[in-house]
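Subject: Handover of the model

Hello,

Here is the structure we discussed, for you to open alongside this message. My notes on what was found follow below it.

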Amino acid sequence: MNSTMSSKIIKIMNCILPVLMAFFVGGIVIAAIGENPFEVYWILISKALLSMTGFQNTLHYAGPMILTGLAIAITFKANIYNMGMEGSLLAGGFVAGILGAQLAGIPAIPLKFICLAAAAIFGMVYALISALLKVKFRANEMVITMMMNYALAKVLEYLATTVFRDAGNGYVCTPIVGDNAMFARIFSKSRLTLFFGIVILILVIMFVVMKKSRLGYEVTAMGKNFEFAEATGMHVGKTIIKIMLISGALAGIAGGGWMLEDQYRYTLTFSANPGLGWDGMLIALLGSHDPIGILIAAIFYAALKTGADSINMYANVPKEIISLIQALIVLFLAVKFIHEKFSFRRSAKKVKEA
Amino acid sequence: MNMIQTIDLTKRFGDFTANDHISLAVKEQEIKCIVGENGAGKSTLMNMLYGLLEPTEGKILIREKEVNLKSPTDAIANGIGMVHQHFMLIPSLTVFENILLGAEVKKHKCLIDEKTEIAKIQELIEQYHFELNPMDKIEDISVGSRQRVEILKMLYRNVDILILDEPTAVLTPQEVDELMVSLKNLKKQGKTIVVITHKLREVMELSDSVTVIKHGKVIGNMETKDTNEQELAQMMVGRNVILTVSNNNMVDEQAEIIYKADNISTVNIFGKKVVDNMSFCVRKGEILGIAGVEGNGQSELVKIMSGLMETTEGTISFHGENITNIWPKEIRNKGIGIIPEDRYAQGLCKEMSLGDNIIAGYHSRKDVCKRGILQRKAINSKRDKGIKDFDIRVGDINGAVAALSGGNAQKIIVSRELTANPDMLIACQPTRGVDIGSIEAIHKHLLDYAKKGNAVVLISSELSEIMSLSDRVIVMCKGKITGEIEPRDTNMMKVGLLMAGIHEEERNE
Amino acid sequence: MLDSILYDCIYHSAPIILCVLGGCFAYKANVLNIALEGMMLNGAFVSVLTYFLTGNMLITVSLTLLSALIYGFVFSYFGITLKGNVIVIGLALNMVASAIAGFVLVLMNSANIIIPNFDLNALKIHIPLIENIPVIGHMISGHPIITYLSFAMILLMYILMYKTKFGVYVRVVGENEEAAKSIGIKTSFYKYAAVLIGAIGCALAGMNLSLERLGLFTNNMTASRGFIAIAAIYCGQGKPVQSAIYAILFGLARSLSVNLSIFAGNAAGLFDCIPYLVMMVVLSMASYIKHKPIKERGYKVNE
């Protein structure tokens, strides 16, 4: 028992340490442009977490990120590097936006359901293409999905500038979704909407899927030892398709939700830079592919994003510093700085000897 | 003069002592055998002599001078060369490129001079009377030839001490004889040779002196002429070793055939036929042994049988139903259990818990999984029952498999496959790297299982295991069946010839 | 029309070829370098920024190469020495490159860096005699120096990989690391070197893409070309010549889509995805052909 406790602590330390290191490097950069890093970080924390409205906004931003985090986690955990969630998210968001505008006459609840369902389906279809190329053609899923993301962004750009363009607007965007499609804000001051409730519901479902279900077991086995998973009869090809579909659906819903609760129309900066899908990667890694970890990581990272708007306003630091810190966190997370249980390695050695 | 001497050499990994105050000496121009069971610490000792591991305590003396070997380069500089059990060769490169790896001949300062290289290697091959073509690629030549390449690689570097780690494990009996001749020749040419082995017949034939190691300690040092096989075996194991289990079951020759392979073939990555037109059948209550030198298609055959590889032609039927190329899960559902070849790659997941491992492959069954949700309680009770019934020694019941010894880990697999109560069991290398106690237990389980009227296909590179357990043995060579024998009335000589692919009829001609 | 298609084919192939040639070594050394994209973006960014600030080509080239080496070292140190997950490290470095560029652009208060009064034509090399041959002359002549370098590098890299000790060692390290260690090859050194060659290739590619061809930098101008390069490396299985051919294939697709899009009217924007779709199809086919004869089932990780 003691050893599992200490290994848990090491695990948590391995998540916290990279964050601290990234903030340290970020602090050097802030100092280099002549600002006080402590002051900047304080603004960030106080505005994002210590005020009620700020915290609610943080939860609002965390919603889609929890979903993209889960979307990444379920594939990364199985050692499948599906980078297509950014595409699924855009596809889902786009279709939800179009349907939300075209079907504006339908009552609120069915309309939202239709939009989110369509978003999930589009996300899944998009993911299915790369999944099939991976399983049937053995193409590397990461390279395929990266190229597909680029192609999809171009297609959506074309659609938004031609067929679905809102002519009344000066910049490229689709028409605004109907009032019935919008998620209403819960509190007057903050942007938090009921969509967050849906996110939490999905999180609970994914917790069961990843921790308690047969699929979760197979995903864990694949991630730890592919050959073992295959030899003991987990039909790996089918499982890859399943998890890619789940991943696509989650990212699609994230995009749909982001459309209906925040953006209301598709623009060329719909998912911002570096994209909600990429945020999901950081969140999945930081939460070590664990649903609870992802919830915490998403709130933490959403806080950075909410805080980033404040540092833009209250300090003279561009909010792009957050992208840098994000990238550095991912970089440092790739390495385990503290090794788990020494005894673990020794027993492995003993086995080799035998 | 002592070429190698170790004084109180000790190596610890954490609180596990692999080598405990080992003192031994190898004289100039002698062949020294170091024997011991699997896991006795022979490889650790050799790795220290070759600079791959650093000793925790103690001294190594080469030509009576103390040395500090930090890397293989140091060892080679001191005239020590090593031929590893798993060859350190690059399959896509040629023989000469492999031999000269790290000692390339250059022209124009930076380019490699292939012409001179080939000539040099040809000369070397002739000097030692080895049969090799320097232009062949490693992936195309036989295991015996690869071993000769390894030896030449060391000789080219002018070593006068050669260490060979289990050199005969992958050779046919005939290739073993050739190797022995080569080694004796090398000795005549002035080399000192250290051979690590656990095969006592070879020790007696080859060596001048023997050192026995057990549990990381030196148990005895003696001249070969003063000892015999029985004495050595006793020292190695610490008690009389006769395989205590043997097969006394009588199989009804008319018993129902439950498994039938018909003309099956498959190819490897390079498109070479590795299983070639094999046909065999298994009856109820029978243990069918499949013997052969490692690397003659047994691995691929097992992969086909367990659904990890597809056939190019031929069919497999089970209970009369065609099951060719179905997936591992379906194979298990039909009632075939599998003990896979590579314990930690295919059989177990080291980082997962005992419970998770004990349901692997059967995790979709109703008793542990309802509506897609795993039933933790049922899994835990299954695990506890397995641990009790199969006498598996575990430290932390919630811990990972990585903490178990090889024998106990293997028993997890045996328990998993047997409790599912299949009609047939495919057991591939079931006792490899397992301690004697566990070997006995596993053998007993297999015999009891067959006695109940079930079928077993046993694939093993330990000929003695095959011969003592099987009712019938088929011998494989180069992917083909070269013969079928009754183990009770066949001598080893005949099996050896079959393993080398020589049929009796051919020999008589 | 044909003239410009052929010219553009060379023009668009060059940066991918450089990336591919660099990436081949890492691929052969069994280190998957996903950071090609970020390293290329970094090359593009640093070169334009330095030239914008100093106006000195020598300083620009040396700083760009230096920054590439830093990326290479960070990648190698985290991935090889600290044994981190190279895929995550690669993706992270891509993000780092983009984040740094974005951050600096905001500090400069601009969406892009344009070098004022930059004479692009002065960088173009017109080869006498060849220039006058019809069709081919126009295709081959009039490119900037790195474009020529990229094609010359195909041969150089082939020699480096197959005819020198260095190349043999890199391949040995990738194929059987244990064997390499057993004869005293310093495996980490060769892995580092392989990654650094990739970094230099990417830096040149980035310089070619931004400074030399356009004299400007916008963020994310590499547009997933790094992943195109990885696809080409996979298709060519890390062999310099074969992989470069796939890179040229992308160049051709890109050149066709650019040149033909003028006929497409409104749908011109859609033509942008054609090269990516072509590479997807090619990668899928190449992977399919490679795996078809393999009878062993299963999906080894990151094949």
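**Chain B: overall**

Chain B holds 18 helices and 24 strands. Please keep in mind that this is a predicted model. For 509 residues a compact globule would have a radius of gyration near 23 Å, and the 25 Å of chain B agrees with that. Taken along the principal axes, the C-alpha atoms of chain B fill a box of roughly 65 × 55 × 50 Å. Of its 509 residues, 47% count as buried. Among the contacts in chain B between residues at least 6 apart in sequence, 68% link residues at least 24 apart.

**Chain B: the six-stranded sheet**

One open sheet in chain B is made of six strands, in the order β6-β9-β10-β3-β11-β12, with mixed pairing. Its edge strands are β6 (80-83) and β12 (217-223) of chain B, each of which pairs on one side only. From one strand to the next the twist averages 15°.

Helix α1 (residues 42-49) of chain B packs on this sheet and touches β3, β6, β9 (161-165), β10 (192-197) and β11 of chain B. The direction of α1 makes about 150° with that of β9(B). Helix α5 (residues 143-156) of chain B lies across β6 and β9 of chain B, and runs at about 170° to β6(B).

As a reminder, the strands of a sheet pair through backbone hydrogen bonds, either parallel or antiparallel. In which sense do strand β3 and strand β11 of chain B pair? Strand β3 (residues 31-35) and strand β11 (residues 209-214) of chain B pair in the parallel sense, over four bridges. Val35(B) has Val212(B), in β11(B), as its bridge partner.

**Chain B: the four-stranded sheet**

Another open sheet in chain B has four strands in the order β14-β13-β16-β17, and here the pairing is antiparallel. The edge strands are β14 (273-283) and β17 of chain B, each pairing on one side only. Helix α9 (residues 298-305) of chain B lies across β13 (257-267) and β14 of chain B, at about 60° to β14(B).

Strands β16(B) and β17(B) run antiparallel and are joined by two bridges. The bridge partner of Phe318(B) is Glu321(B), which belongs to β17(B). The loop between β16 (313-318) and β17 (321-322) of chain B contains His319(B). This residue is not a glycine, yet His319(B) has a positive phi of about 55°. Is His319(B) buried, exposed or partly exposed? His319(B) counts as partly exposed, because it has 14 C-beta neighbours inside 10 Å.

**Chain B: a further positive phi**

Asp391(B) also has a positive phi, near 55°, in a residue other than glycine. Asp391(B) is found in the loop between α13 (376-389) and α14 (406-419) of chain B. With 12 other C-beta atoms within 10 Å, Asp391(B) is exposed.

**Chain A**

How many helices and strands are there in chain A? Chain A has 14 helices and zero strands. The radius of gyration of chain A is 21 Å, close to the 20 Å that the globule rule gives for 354 residues, so chain A is as compact as a globular protein of that length. Its C-alpha trace spans about 75 × 55 × 35 Å along the principal axes.

Of the 354 residues of chain A, 56% count as buried. Among contacts in chain A between residues at least 6 apart in sequence, 79% join residues at least 24 apart.

Met52(A) and Lys189(A) are 137 residues apart in sequence, and their C-alpha atoms are 9.5 Å apart in space. Met52(A) has its place in helix α3 (residues 52-76) of chain A. Met52(A) counts as exposed because it has 10 C-beta neighbours inside 10 Å.

**Where chain A meets chain C**

In chain A, 44 residues are in contact with 48 residues of chain C. The elements of chain A that give two or more residues to this side are α5 (108-137), α6 (141-161), α9 (226-231), α10 (236-263), α11 (276-286) and α13 (321-333). Helix α6(A) provides the largest share, twelve residues. The residues on the side of chain A that touches chain C divide into 30 nonpolar, eight polar and six charged.

Regards

Conventions: Residues numbered from 1 in each chain as written. Chains lettered and ligands numbered in written order. Predicted model: local features only at pLDDT ≥ 70, side-chain atom pairs only at ≥ 80, totals over all residues. Rg over C-alpha atoms; globule rule 2.2 N^0.38 Å. Buried ≥ 20, exposed ≤ 12 C-beta atoms within 10 Å, placed from the backbone. Contact = placed C-beta atoms within 7 Å. Nonpolar A, V, L, I, M, F, W, Y, C, P; charged D, E, K, R; others polar. Pairing = 2+ DSSP bridges. Axes fitted to C-alpha atoms, helices over the stretch in contact; angles between N-to-C directions.
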